[in-house]
Structure formats: structure tokens, C-alpha cells
Amino acid sequence: MEKVKVDSERCIRCGACVAIAGNTFDFDEEGASTVINDEVTEEVRQAIDMCPVSAIEIVEEDEIKEEE
Ligand code: SF4
């Protein structure tokens, strides 16, 4: 199953993903984006497109696929 992940080290705290997909992302204590609901939605895909530093990704939860 797919789920959403954010790299909070890479996040520059612009707030775009929280504005676009507030059901999925929220700010942590340090103001970086964190995932509060890892379901992959259309808003999540928009947030991935909007993130200026590509800190958001969709990963496979139960199978880690090797790079081909
Ligand atoms: S859009 Fe990207 S850089 Fe901006 S808050 Fe979200 S994860 Fe961080």
C-alpha cells in the first residue's frame, strides 16, 4: 500500500503542503511539515508537485522495491 512521507530535514517550511493538503500535513514543533495522515490523496499529489524542495514522496509500505 502506498503512503506519504516527508523529509523534514529537507523541508524549508514554506507551508505549501499544509495549505494544499491540510488533512495530510501539519507543522511540527520546529515548523517543519509532518505527516498526520499518510493516505495518498489527490491533494497529496498536488502538494508533491508544489513542494519547492521535493521533500514529499510516496512510498510502498509493505514492499521495499529495489531500484532496477
Ligand atoms: S511544501 Fe515542501 S518545503 Fe513546503 S512545508 Fe511542505 S514539505 Fe516543507
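**Figure 1. Burial and overall dimensions of the protein.** Of the 68 residues in this predicted model, 19% count as buried, where a residue is called buried if 20 or more other C-beta atoms lie within 10 Å of its own, exposed if 12 or fewer do, and partly exposed in between, with the C-beta atoms placed from the backbone. Because the model is predicted, local features need a pLDDT of at least 70 and side-chain atom pairs count only at pLDDT 80 or more, whereas totals for chains, interfaces and linings use all residues. Residues are numbered from 1 along each chain, following the sequence as it is written. The C-alpha atoms fill a box of roughly 35 × 20 × 20 Å along the principal axes. The radius of gyration, taken over C-alpha atoms, is compared with a globule rule of 2.2 Å times the number of residues to the power 0.38; for 68 residues a compact globule would have a value near 11 Å, and the 12 Å of the protein agrees with this.

Figure 2. The protein has two helices and four strands, which follow one another in the pattern β-α-β-β-α-β. Helices (H or I, at least four residues) and strands (E, at least two) are DSSP runs, numbered from the N terminus. Two residues are said to be in contact if their C-beta atoms, placed from the backbone, lie within 7 Å.

**Figure 3. The largest nonpolar core.** A nonpolar core is a set of buried Ala, Val, Leu, Ile, Met, Phe, Trp, Tyr and Cys residues joined through C-beta atoms within 7 Å. The largest one here has 11 residues, namely Val4, Val6, Cys11, Cys17, Ala21, Phe25, Val44, Ala47, Cys51, Ala55 and Ile56. Strand β1 (2–6) and helix α2 (42–50) each supply at least two residues of this core. In soluble globular proteins, nonpolar side chains tend to be buried together. Leaving aside neighbours within four places in sequence, Ala47 is in contact with Ala16, Cys17, Ile20, Ala21, Phe25 and Ile56.

**Figure 4. The loop between β1 and α1.** Glu9 lies in this loop and is exposed, since 7 other C-beta atoms are within 10 Å; its C-alpha atom is separated by 17 Å from that of Met50, a residue 41 places away along the chain. Ile12 has its place in the loop between β1 and α1 as well, but counts as partly exposed, with 13 C-beta neighbours inside 10 Å. Not counting residues up to four places away in sequence, Ile12 touches Pro52 and Val53, and its C-alpha atom is separated by 9.0 Å from that of Gly31, 19 residues apart along the chain. Arg13, in the loop between β1 and α1 (16–20), has a positive phi of about 65° although it is not a glycine, and with 14 other C-beta atoms within 10 Å it is partly exposed.

**Figure 5. Ile20 in helix α1.** Ile20 has its place in helix α1 and counts as partly exposed, with 19 C-beta neighbours inside 10 Å. Apart from residues up to four places away in sequence, Ile20 touches Glu43, Gln46, Ala47 and Met50. Ile20 and Ile48 are 28 residues apart in sequence, and their C-alpha atoms are 9.9 Å apart in space.

Figure 6. Val40 lies in the loop between β3 (33–35) and α2, and with 15 C-beta neighbours inside 10 Å it counts as partly exposed. Residues up to four places away in sequence not being counted, Val40 touches Glu2, Lys3, Val4 and Ile58. Ser54 lies in the loop between α2 and β4 (56–60) and is exposed, with 10 C-beta neighbours inside 10 Å. The phi of Ser54 is near 50°, a positive value in a residue other than glycine.
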